[in-house]
Amino acid sequence: MVKHGEKLEVIETRRRFVKVRTPEGVEGWTDSNLLLASQQMEDLRALAESAAKFPSQGTATVYEALNMHTDPSRQSSSFFQIPEAGSVEVIGHRVAPRVAQNTPAKPAPVVRRTPAKITKSKDSRQNGSLPPPPAPPVPPGDWTALSRPRATDIPGYAPRPVTPASTALDDWSLVRTRDGKAGWVLSRMLTMAIPDEVAQYAEGHRITAYLSLGEVKDKDQKEVKHNWLWTTSASGQHPYEFDSFRVFVWSTRRHHYETAYIERNVKGYYPVEAQPVPGQDGKAFSVVLEDKDGKLYQRTYAFSGYHVRMISKTPFQQPPELPGVRMASGFNAAPAEAPAESGWQQRLEEWRERWLGR
């Protein structure tokens, strides 16, 4: 077993498998999808440096080991594995086709039909020839009139548009580990680590982001609770990150969470951030929403107690695209060692001299 970042020497390649040698001299075979070229390692470092500037959208937990990919694609290389019960920070989202677009489509299966069995009549068996095929039927003279009316003859007829076959999509999340690695994982394998007493109100929707809006001290229960902001998305793949957001506050009188503010049927995007309000004790949070004009605006809301109100709305400038990880161009095996001087030809000459004396 080798760890992520260790350098290996490529000795031999056979299709998708590569024979490698560790610095300690241990040799073995591995899948090429588990190896990264030097340029890919540099790209991963650049991706981690850029992802370190992104705000966290909440901590997520995995219930089984999960592979991190270099790109939001199942065919991309997997360079790190999140262990079971491990946690990561969600910082991005993307919807991508399940099958890469440059993957050639599978050819249609060839249907081989068994030829019909030809039976020979008694006369043909005697003459050694097959009977002539029957003559095709003659169409009637008014066959064009019998074909009326056609669909095109109906007034106002319009052919039904042909809808292209839908492409299967996957939801991917860009995550960041505690030691700074950044990569892509399938979103359905993540569970946002918001407390269960809040997550129970999700009503089957997927929680895509959450953050704390301050602490609340419950003297009766002698514990500290948090007020929460979360975003959720209905089932299905969407280019946006959430379609609803809600503010939960802890009631010190009823000792459970209550909804202080909610907006539904929106198209929201990352980032979701909390920030202090200048000159006030309350907090504020901002979300990025698509307006009716199709443009993105960052709305900032002030939060104090049970009161939530919008205090600003400004055009949102999308951050630059994250650097991608280039595809590996292949792994070149080490040059073959020169054959030893004492080869089979030299041994043959020695054998001839020993037995023939020349």
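**Figure 1. Confidence along the protein chain of the predicted model.** In this predicted model, confidence is lowest in helix H2, residues 122-127, where the mean pLDDT is 56. The highest confidence belongs to strand S4, residues 59-61, with a mean of 96. For the protein chain, the mean pLDDT is 84, and 81% of the residues reach 70 or more. Where pLDDT is low, predicted coordinates should not be read in detail.

Figure 2. The protein chain contains five helices and 17 strands. Of its 358 residues, 34% are buried. Among contacts with a separation of 6 or more, 53% are between residues 24 or more positions apart.

Figure 3. The largest nonpolar core has 54 residues. Leu190, Leu229, Trp230, Phe245, Val247, Phe285 and Val287 touch the most other members of this core. In soluble globular proteins, nonpolar side chains tend to be buried together.

**Figure 4. Surroundings of Val287.** Val287 is one of the residues that touch the most other members of the largest nonpolar core. When neighbours within four places in sequence are left aside, the contacts of Val287 include Phe242, Phe245, Pro271 and Val272. Val287 is also in contact with Tyr297, Gln298, Arg299 and Tyr301. Phe245, one of these partners, is likewise among the core members with the most contacts to other members.

**Figure 5. Ser286 and Gln275, in strands S15 and S14.** Ser286 lies in strand S15, residues 283-290, and Gln275 is found in strand S14. Ser286 is buried because its relative accessibility is 2%, under the 20% limit for buried residues. Gln275, by contrast, counts as partly exposed because its relative accessibility is 33%. Ser286 and Gln275 are eleven residues apart in sequence, and their C-alpha atoms are 7.9 Å apart in space. Not counting residues up to four places away in sequence, Ser286 touches Pro271, Val272, Glu273 and Gln275, and also Gln298, Arg299 and Thr300. With neighbours within four places left aside, Gln275 is in contact with Lys283, Ala284, Ser286 and Thr300. Gln275 and Ala302 are 27 residues apart in sequence and 9.3 Å apart in space, C-alpha to C-alpha.

**Figure 6. The cis peptide bond between Tyr270 and Pro271.** Tyr270 and Pro271 are joined by a cis peptide bond, with omega at about 5°. Pro271 belongs to strand S14. Pro271 is also a contact of Val287 and is touched by Ser286. Tyr270 is among the residues closest to the centre of the second largest pocket.

Figure 7. Arg15 has a phi near 55°, a positive value in a residue other than glycine. Arg15 lies in the loop that runs between strand S1, residues 9-14, and strand S2, residues 17-21. Arg15 counts as exposed because its relative accessibility is 89%. His255, also a residue other than glycine, has a positive phi near 60°. His255 is found in the loop between strand S13, residues 242-251, and strand S14. His255 is partly exposed, since its relative accessible area is 25%.

**Figure 8. The largest pocket and its lining.** The largest pocket holds about 1,200 Å³ of space. Its lining comprises 33 residues, and those nearest its centre are Glu6, Leu8, Leu34, Leu35 and Leu36. Strand S3 (27-31), helix H1 (38-51) and strand S6 (78-82) each contribute at least two residues to this lining. The largest contribution comes from H1, with five residues. By residue type, the lining consists of 15 nonpolar, twelve polar and six charged residues.

**Figure 9. The second largest pocket and its lining.** The volume of the second largest pocket is about 610 Å³. This pocket is lined by 23 residues, of which Phe54, His93, Glu241, Tyr270 and Pro319 are closest to its centre. Strand S7 (87-97) and strand S14 (256-276) each supply at least two lining residues. S7 provides the largest share of the lining, five residues. The lining of the second largest pocket divides into 15 nonpolar, four polar and four charged residues.

Terms used: Residues numbered from 1 in each chain as written. Predicted model: local features only at pLDDT ≥ 70, side-chain atom pairs only at ≥ 80, totals over all residues. Heavy atoms only, no water. Core = buried A, V, L, I, M, F, W, Y, C linked by side-chain atoms within 4.5 Å. Buried < 20%, exposed > 50% of the residue type's maximum accessible area, 1.4 Å probe, protein only. Contact = heavy atoms within 4.5 Å. pLDDT = per-residue confidence, 0-100. Helix = DSSP H or I, 4+ residues; strand = E, 2+ residues; numbered from the N terminus. 1 Å grid on protein atoms, 1.4 Å probe; cavity = no way out; pocket = protein on both sides within 12 Å on 5 of 7 lines; lining within 4 Å. Points joined across faces, edges and corners; volume = space filled by probe spheres on them. Nonpolar A, V, L, I, M, F, W, Y, C, P; charged D, E, K, R; others polar.
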